[in-house]
Amino acid sequence: MKKYKLDFGVREIGKFQFYSGISVGLGYAITLNYLLRLTLRTCNLGMDINNWSLNYEISSYYYLLIGFSSVCFAFCFTTNLWLGKLFLKNSKRTLKHRKARVNSVWILFGTLMFLLRLFWFLLSVDITIENDFPLLGFMIPLFIYLYCWNLISGVFKSTKALLISILVIMLFSVILSFL
């Protein structure tokens with residue numbers, strides 16, 4: 001028996017679902033970008049309150065990391081909306097869609113819980129991500145992004161869309177880091 005996957009595209013996902021997934025993803029990316037920036041500024045304010053100085057500078061590394069993280073986290077919600085067809089004619093495809101939809105949100109919140117535990121550890125030691133492990137900060141959002149595309153490729157043929165989206169994600173991350 002020959003197994004085949006449908007091509008990834010607007011027609012297969014549905015016009016409304018595809019474009020609403022992109023718009024919700026962009027909205028979440030912008031919102032998460034500002035929330036993460038606000039959190040970083042609040043943490044730095046707490047560290048500098050002893051000096052009574054509000055003239056602290058946040059490096060461009062952290063802005064780029066926040067931009068990339070927010071776009072990759074928001075892509076989980078986009079994936080969730082793209083795979084939102086719950087009842088298809090083929091029951092095996094329906095099961096694949098449901099598993100991918102649940103796993104996209106599960107990996108997002110699982111990673112956020114891991115990061116919360118990691119931040120508590122980093123507060124107790126003199127290690128900074130920027131100086132000691134500069135590439136490690138980008139590995140977790142990259143993992144989430146590629147995991148979501150792995151879920152999509154389990155349902156659709158999506159090699160071309162993956163390559164195009166890598167460029168779009170990188171460009172949007174850089175744009176968010178300058179906002």
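Tutor: A search of the whole structure finds two salt bridges. The model is a predicted one, in which local features need pLDDT of at least 70 and side-chain atom pairs count only at pLDDT 80 or more, while totals for chains, interfaces and linings use all residues. Residues are numbered from 1 along each chain as its sequence is written, and side-chain values use heavy atoms, with hydrogens and water left out.

Student: Why is the contact of aspartate 7 and lysine 157 called a salt bridge?

Tutor: A salt bridge requires a side-chain nitrogen of Lys or Arg within 4 Å of a carboxyl oxygen of Asp or Glu. The N to O distance for aspartate 7 and lysine 157 is 4.0 Å, and the two side chains are therefore counted as a salt bridge. Aspartate 7 belongs to strand E1 (residues 6-7) and lysine 157 to strand E2 (residues 156-157), so this pair ties together parts that are 150 residues apart in sequence. Strands (E, at least two residues) and helices (H or I, at least four) are DSSP runs, numbered from the N terminus.

Student: Which residue does glutamate 12 meet in a salt bridge, and what makes glutamate 12 partly exposed?

Tutor: Its partner is arginine 11, at 3.6 Å from N to O. Buried means under 20% relative accessible area, exposed over 50%, and partly exposed in between, with a 1.4 Å probe and protein chains only. Glutamate 12 has 22% relative accessibility and therefore counts as partly exposed, whereas arginine 11, with a relative accessible area of 75%, is exposed.

Student: How do you know whether the rings of phenylalanine 18 and tyrosine 19 are stacked or edge-to-face?

Tutor: Rings of Phe, Tyr and Trp (its six-membered ring) pair if their centres lie within 6.5 Å; planes under 30 degrees apart count as stacked, over 60 as edge-to-face and the rest as tilted. By this rule the count comes to 14 aromatic pairs. For phenylalanine 18 and tyrosine 19 the centres are 5.3 Å apart and the planes stand at 80 degrees, so the pair is edge-to-face. Phenylalanine 18, at 13% relative accessibility, counts as buried, while tyrosine 19, at 46%, is partly exposed.

Student: What makes the pair of phenylalanine 18 and tryptophan 82 a stacked one?

Tutor: The centres of phenylalanine 18 and tryptophan 82 are 5.1 Å apart with 5 degrees between the planes, and the pair is therefore stacked. Phenylalanine 18 lies in helix H2 (residues 15-48) and tryptophan 82 in helix H3 (residues 60-82), so the pair ties together parts that are 64 residues apart in sequence. Both residues also belong to one aromatic cluster, whose members include Phe8, Tyr145 and Phe156.

Student: Why is serine 177 called buried, and which residues does serine 177 touch?

Tutor: Serine 177, in helix H7 (residues 159-178), has 10% relative accessibility and therefore counts as buried. Taking contact as heavy atoms within 4.5 Å, and not counting residues up to four places away in sequence, serine 177 touches Arg37, Tyr63 and Leu64.

Student: Where does phenylalanine 133 lie, and is phenylalanine 133 buried or partly exposed?

Tutor: Phenylalanine 133 sits in the loop between helix H5 (129-132) and helix H6 (136-155). Its relative accessible area is 42%, and phenylalanine 133 is therefore partly exposed.
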